[in-house]
Amino acid sequence: MRRPAELRAQAREAAGFTAAVLRALAGDRFLWRLAWRNVWRNGRRAVIVATAVAVGIAGVVLSMAINFGMILQMIETAISTDLGHVQVHARGFQDDPGLDRLLGDGGRGGIEALEGLAEVRAWAPRLRSEGLLSSARASAGVRVLAVDPAREARITSLAGSIVAGEYLDGARRRLLMGEALAERLHVEVGAKVVLSATDARGDLAGEAFRVAGLFRTASLELDRSTVYVRLDEGQRLFQVGDTISELVVVARSREAVPRLKAALRERMGGDVEVQSWGELAPVLEYFVEIFEQMAWIVYAAVFIAMAFGIANVLLMAVFERTREIGVVRALGMSGPRVVGMVALESVLLTLVGLVAGFALTGLGLVLLRDGIDLSPWAQGLNIMGVGATIVPVVRLADFTTPSVVAVLTALLAGLWPAVRAARARPAEALRHV
Amino acid sequence: MAILEAREVHKVYDTRGVRTRALDGVDLALAEGEFAVLHGPSGCGKTTLLNLLGALDEPSEGRVLLEGRDLAALSAGERAELRLRKLGFVFQAYNLIPVFTARENVEFVMELQGVPPGERKERSDGILGEVGLAELADKRPLEMSGGQQQRVAVARAIVGRPRVVLADEPTANLDSATAGQLLELMEELNREHGTTFLFSTHDPMVIAKARRRIRLRDGRVVADEREGGA
C-alpha cells in the first residue's frame with residue numbers, strides 16, 4: 001500500500017503537471033495552430049468524427065427541445081384550461097374540497113387583495129363541486145364548475161374551445177360540457193340534461209339545463225368530466241349563497257408567479273390558501289424534474305459514445321504520429337505541452353462538431369417551427385393534456401449544457417492518448433516506423 | 001572543458017527477454033567548436049550513442065554529462081529543457097512537422113524557448129536566408145525536395161542557438177551534390193557560429209570533411225583521430 005506521503009507527492013506532481021498543461025494551452029498560439037492543423041491532417045477522419053458529434057448534439061438538443069415543448073404544452077394546457085397560475089381557497093379546501101370550506105362574500109377579501117398588483121393579468125371566481133349529470137339515455141358523475149362566463153373567458157381558453165353551440169351567455173339554465181362527455185351521454189347541443197347534486201345543507205338538489213355548447217380542449221380528462229354552469233345558478237343549486245370555492249388568477253407571465261403568490265399571501269394573511277399551479281398539480285412539476293434527470297441520462301449515453309469515438313480516433317492519430325511526437329520531444333517540447341497539444345486536438349475536433357451540430361439544430365428548429373404533427377397519436381397525447389401539434393422549445397441551457405459536457409468529455413477522452421504520447425521515450429518514438 | 005561527455009557508457013536493449021548490447025563502455029569527450037563524426041559499420045552503436053549524448057535515452061550503465069551536468073540526475077522535464085536550450089538535432093529522414101511551413105518549423109523551437117514573435121520572425125528569416133531557402137519560407141515540407149527539407153532541418157537545429165548539434169545520418173537520403181552543399185553549410189555554421197557538430201554517418205564524404213573521426217565497432221570506440229594528428 002502506498003504511504004500518505006507518497007500519495008501527497010504524487011498528487012502534487014499531478015497538480016503541477018495539470019498546471020503546466022493549462023499554462024501551455026493558455027499562452028501558446030503555436031500549440032493551438034499545430035493542434036488545429038493536426039485535426040485536419042486526415043480530413044476525412046476529422047469530418048466523420050465531427051459529423052458524429054454534430055449529429056449527436058443536434059439529436060440531443062432537438063429531442064430535448066421536443067420533450068420540453070411537450071411538457072411545456074402540458075403545463076400551459078393545464079394552466080390555460082383549468083388551473084390558472086395561482087388559486088386562492090379557504091384554508092383546508094385542498095385537503096377536503098367540500099362546500100363547507102368556501103370563501104365568503106363572493107371572495108371579496110381575495111378580490112381586494114388582487115387590486116393594484118402589477119403581476120395580475122386577470123382573475124375569476126369559481127364554485128366547484130360534484131354532481132351527477134343525466135340525459136335521457138345515460139348518466140355520468142361530473143365535476144361542476146360554476147363560473148362567471150365573462151371573467152372565465154379571460155383566464156382560460158374555454159370560450160375558444162367551443163366546437164358546437166355557444167359559450168355561456170345571459171340565457172338561464174344553460175351548461176357547457178366536453179364533446180367527449182356529450183358522446184358518452186348521447187346528447188347534442190340543445191338537449192336537456194338534469195344535474196343532481198348534494199347541496200351545502202346535505203339535501204339532494206336537482207335542476208334541468210340545456211346544453212348550450214360543447215368544448216374540446218387538449219385535456220381529454222377535462223372534456224370527459226367537467227360541466228360549466230353560470231356562477232349564480234351554481235350557487236343556487238348548491239345553496240351556498242354568494243360564497244365561492246376559489247379565485248383563479250392568471251399572472252402576466254409564468255415567471256411572475258412566485259412574486260404574485262408571495263404578494264397575495266402577505267396581503268391576505270393566514271385564513272386562506274394561496275397556491276401556485278405547481279402546488280395545485282405537483283405532477284406537472286415532477287414532469288419537469290423527471291425531464292431534467294432524463295436529460296442527463298441522454299447526455300451520458302450520447303457523450304460516452306462520443307468519448308469512445310474521439311479517444312479511438314486520437315489514439316490512432318497519436319500512433320500514426322509516434323515518430324513525429326518523438327521529434328518534437330527531441331526538440332525540447334515538454335510532456336505537459338504534448339498533453340496539451342493532443343488534448344487540444346480532441347477539444348478542437350469536438351468544437352467543430354459542436355458548431356456543425358448547432359447549425360443542424362438551427363435547421364431542425366426552422367423546419368419544425370410550426371410544430372410536429374402527431375395527429376395519429378392525438379388521443380394518447382390528449383390524455384396527457386397535450387395537443388396533437390408539438391412545437392419544440394429550446395432554452396439557452398439546451399445549448400450551453402451539452403456544449404460544456406461535450407468539451408469536458410473531449411478533454412477527458414483526449415487525455416488518455418495525450419498522456420500515452422507524452423510518456424513515449426523520445427529515442428523509442430524516433431525509431432517508430 | 002568538454003561540452004558533452006560519455007563516461008564508461010553501456011547500453012543494453014532488452015526486447016522480450018532478448019538482451020542486445022549496443023554500447024560496451026564508451027568514453028568520449030566533445031570539446032566546444034568540434035566538427036566530429038561517429039562512423040563504423042551498421043549496428044556498431046552510432047545512433048545509440050548519439051541518442052544518449054542527446055538526452056533522448058538513458059544509459060544502462062555509466063554517465064553522460066552535458067556542460068558537466070549528469071543527465072541521469074535530471075527529470076524528464078529538465079532533460080527536455082536541456083535539449084531545448086543546449087542541443088540541436090538533425091535526423092536522417094528530415095522529420096519536419098508536415099503541417100507547418102518551413103518558417104513555422106524553424107520558429108517552432110524558438111516558440112518553445114519563449115522567444116518573442118518579432119525576434120522569432122527576424123531570426124527565422126535570417127537563418128532561412130543563410131541556408132538558401134528564403135524564397136521557400138512559406139512552403140510546407142511536402143512541397144520541397146529532400147535537400148531543401150534537410151536544409152530546413154539544419155536551420156531548425158541551429159536557430160535555437162544550441163551548444164551542440166547532433167546529426168544522425170544527415171546525408172543518407174540525399175544525392176551527393178545536395179549532400180555536399182549541406183555539409184558545406186554545416187561547416188560554415190560551425191566556423192561562423194562556433195556551433196559544435198557531431199555526426200553519425202556511413203557517408204565517406206562526411207567522414208572526409210570531419211576534423212575528428214571517432215570509429216565505433218561492436219559498441220566500443222576503436223579509433224579516435226583528429227585532423228592533423230592522432
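**A strand pair and its surroundings**

Mentor: This is a predicted model. In chain B, strand β4(B), residues 61–66, is joined to β5(B) by 2 bridges, and the two strands run antiparallel.

Trainee: Which residue is the bridge partner of Leu66(B) in β5(B)?
Mentor: The partner of Leu66(B) is Arg69(B).

Trainee: In what order do the strands of that open sheet in chain B lie?
Mentor: The order is β2-β1-β4-β5, 4 strands in all, with antiparallel pairing. At the edges are β2(B), 18–31, and β5(B), 69–70, each of which pairs on one side only.

Trainee: Which helix packs on the sheet?
Mentor: Helix α1(B), residues 46–53, packs there and touches β1(B), β2(B) and β4(B). The direction of α1(B) makes about 120° with that of β1(B).

Trainee: Stepping back, how many helices and strands does chain B have?
Mentor: Chain B has 7 helices and 10 strands.

Trainee: And what radius of gyration does chain B have, against that of a compact globule?
Mentor: The value for chain B is 17 Å, which agrees with the figure near 17 Å for a compact globule of 230 residues. The C-alpha trace of chain B spans about 45 × 40 × 40 Å along its principal axes. Of its residues, 47% count as buried.

Trainee: Why is chain A described as more spread out than a compact globule?
Mentor: Its radius of gyration is 32 Å, whereas the globule rule gives 22 Å for 433 residues, so chain A is more spread out than a compact globule. The C-alpha trace of chain A spans about 100 × 50 × 45 Å along the principal axes. Chain A has 16 helices and 12 strands, and 45% of its residues count as buried.

Trainee: What share of the contacts in chain A is between residues 24 or more positions apart?
Mentor: For chain A that share is 82% of the contacts with a separation of 6 or more. In chain B, 70% of the contacts between residues at least 6 apart join residues at least 24 apart.

Trainee: New topic: how many residues of each chain take part in the contact between A and B?
Mentor: Chain B gives 17 residues and chain A gives 18 residues. On the chain B side, α2(B), 76–86, and α3(B), 102–113, each supply at least two residues. The largest share of that side is the 6 residues from α2(B).

Trainee: Is α3(B) enclosed or open, then?
Mentor: Helix α3(B) is largely enclosed by the rest of the structure, because 10 of its 12 residues are buried. Among the buried ones are Arg103(B), Glu104(B), Asn105(B), Glu107(B) and Phe108(B).

Trainee: What covers those buried residues?
Mentor: The cover includes α2(A), residues 29–39 of chain A, as well as α2(B), α4(B) and α5(B). Just after α3(B), Gly114(B) takes a positive phi of about 85°.

Trainee: Where does Phe100(B) lie?
Mentor: Phe100(B) lies in the loop between β6(B) and α3(B). Phe100(B) counts as buried because 20 other C-beta atoms lie within 10 Å. Leaving aside neighbours within four places in sequence, Phe100(B) is in contact with Asn105(B) and Phe108(B).

Trainee: On to chain A: at what angle do α11(A) and α13(A) cross?
Mentor: The axes of α11(A), residues 282–320, and α13(A), residues 335–367, cross at roughly 135° and come within 11 Å. That angle makes α11(A) oblique to α13(A), and the crossing is right-handed.

Trainee: Which residues meet there?
Mentor: From α11(A), Ile310(A), Leu314(A) and Val318(A) meet residues of α13(A) including Val342(A), Leu349(A) and Thr350(A).

Trainee: Last one: which residues form the covered face of β6(A)?
Mentor: In β6(A), residues 192–198, the covered face holds Val193(A), Leu195(A) and Ala197(A). The uncovered face holds Lys192(A), Val194(A), Ser196(A) and Thr198(A).

Trainee: How many bridges join β6(A) to β7(A)?
Mentor: There are 7 bridges, and β6(A) and β7(A) run antiparallel. Lys192(A) stands opposite Arg210(A) in β7(A). The two strands form a hairpin with 5 residues between them, and Gly202(A) in the turn has a positive phi of about 90°. Strand β2(A), residues 120–134, is joined to β6(A) by 3 bridges, also antiparallel, and there Ser134(A) has Val194(A) as its bridge partner.

Key. Residues numbered from 1 in each chain as written. Chains lettered and ligands numbered in written order. Predicted model: local features only at pLDDT ≥ 70, side-chain atom pairs only at ≥ 80, totals over all residues. Pairing = 2+ DSSP bridges. Contact = placed C-beta atoms within 7 Å. Axes fitted to C-alpha atoms, helices over the stretch in contact; angles between N-to-C directions. Rg over C-alpha atoms; globule rule 2.2 N^0.38 Å. Parallel < 35°, antiparallel > 145°, perpendicular 65-115°, else oblique. Left-handed = near helix turned anticlockwise from the far one by under 90°.
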